[in-house]
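Q: Could you walk me through the strands and the core of this one? I have the model open and would like to go piece by piece.

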Amino acid sequence: MAAPYTIDLPAPGSQGPWKPGDGIGGGTVAALAVLPDRRVVELGNFVENGEPRCYLRRRDGDDASWPQEDFLKLLAGAHCTAVDLQIDPVLGTMHVLVERKGGDGVRWWLGEIASWGKGAKEIAVGALGDKGLALALAEDGTRAVCGGVAGKVDVDAAAWLLRPGEEAKLRLFDYVPEGEDKAHQLSETARDCVFAGETLVLVGEANGRHGVDVVVRDRYFILEHDIDADATQWTIAGPGPGSDTQSHAFAVDVDADGRYLLAGSSCGDVCDPAGEVLVYLPGGKLEWQATLGPLGSALAGPHDIAWSPAGYLVVALAAFDGQSSRFKVQAFKPGVLAPQWTYLPLDMNGFQVALALAIGRFGEVYAGGIAEGNFPAVAYIPG
């Protein structure tokens, strides 16, 4: 494995700091990102007065330590669920997506924090019932909140585009199968998105009757949307090998060559999911895929995927054996079916799951999720 490391560094995938709990009670790490100074910021949930609250926590980039002043409540006192976090790699501006529950229901909320310790500025708020499930950040500062909007008969995939200095503009995407002219036959929900230059790449599932199907099924999609030309190309997965009739895409990233990296799962009509990672070329051609094996539960994910400058993709999930669930992170080099390395914390107790990833400038792998006792957990893994 080619990697720009000296021999005295820990082996990739070996045990680094593993930090469950950390004094804030029960909660979850929903997203991670890295500041220009290499410190790591986590967006998560904790419980206060019996309700979920959102927080940001800044950790040292080497040993995961943090002083009390680096734990900040976000939207203090609000019923809040953490969703996603993006950080400008040059300016360090933090872009935060959460769901906020008010008197009339739940809305997504997008905020901006200019630098650590500054207050959060409200940038955009979703309409009641709209789903904002992921946040993407382009090099020019354009942001996209991705998810879905329910119509009268179906759900359309959605992206709220926010160019610097402009209001949010909603773009809706409805898949019409080739050769047909009837719209709104399937429900499409975007689970994740990422910018590849001027193209916004969304992934998720289309639910309905596909082709000659008489059964309603999920099939994953890749949606490539040129935000300047307002042009869209769909790629819808077909049935898998053997008895696999359904598939899902939960996370997406872009590698150094501009290929799309997907983390998802496939299963039959009675869904016993098996995890998989896939590499697609722009335009929708599948180049490579590898199995993550039976997941045992949909709770296992996979929940996130990220490209490393070490030349491989990293995926966050859980190892579930029917009774216990362990925090799990794996790395795959495209073209090689066996994982480059697998990380499992030495602590094997209770329910654990890896939900979020961030990659440092030199290939450091930061993973976050849930540890035993429903405590938020972060792992630092040599990459």
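Predicted model: local features only at pLDDT ≥ 70, side-chain atom pairs only at ≥ 80, totals over all residues.

Q: Okay, what is the strand order in the open sheet of 4 strands?
A: The order is S10-S11-S12-S13, and the pairing in this open sheet is antiparallel. Strand S10, residues 131-137, and strand S13, residues 169-173, form the edges, each of them pairing on one side only.

Q: And how are neighbouring strands turned there?
A: On average, neighbouring strands of this sheet are turned by 25° against each other, with direction ignored.

Q: How many bridges join S11 to S12?
A: Strand S11 (residues 143-150) and strand S12 (residues 155-162) run antiparallel and are joined by 8 bridges, and within this pair Cys146 stands opposite Ala159 of S12.

Q: Switching to the core, which residues have the most contacts inside the largest nonpolar one?
A: Those are Phe195, Leu200 and Leu202, in a core that has 21 residues. The elements giving two or more residues to this core are S10, S11, S12, strand S14 (187-196), strand S15 (199-208) and S16.

Q: His225, then: which residue stands opposite it in S17?
A: His225 stands opposite Thr232; strand S16 (residues 217-226) and strand S17 (residues 231-236) pair in the antiparallel sense over 6 bridges.

Q: Which residue in that hairpin takes a positive phi?
A: Asp230 does, with phi near 55°, in a hairpin that has 4 residues between the strands S16 and S17.

Terms used
Residues numbered from 1 in each chain as written. Heavy atoms only, no water. Pairing = 2+ DSSP bridges. Axes fitted to C-alpha atoms, helices over the stretch in contact; angles between N-to-C directions. Core = buried A, V, L, I, M, F, W, Y, C linked by side-chain atoms within 4.5 Å. Buried < 20%, exposed > 50% of the residue type's maximum accessible area, 1.4 Å probe, protein only.
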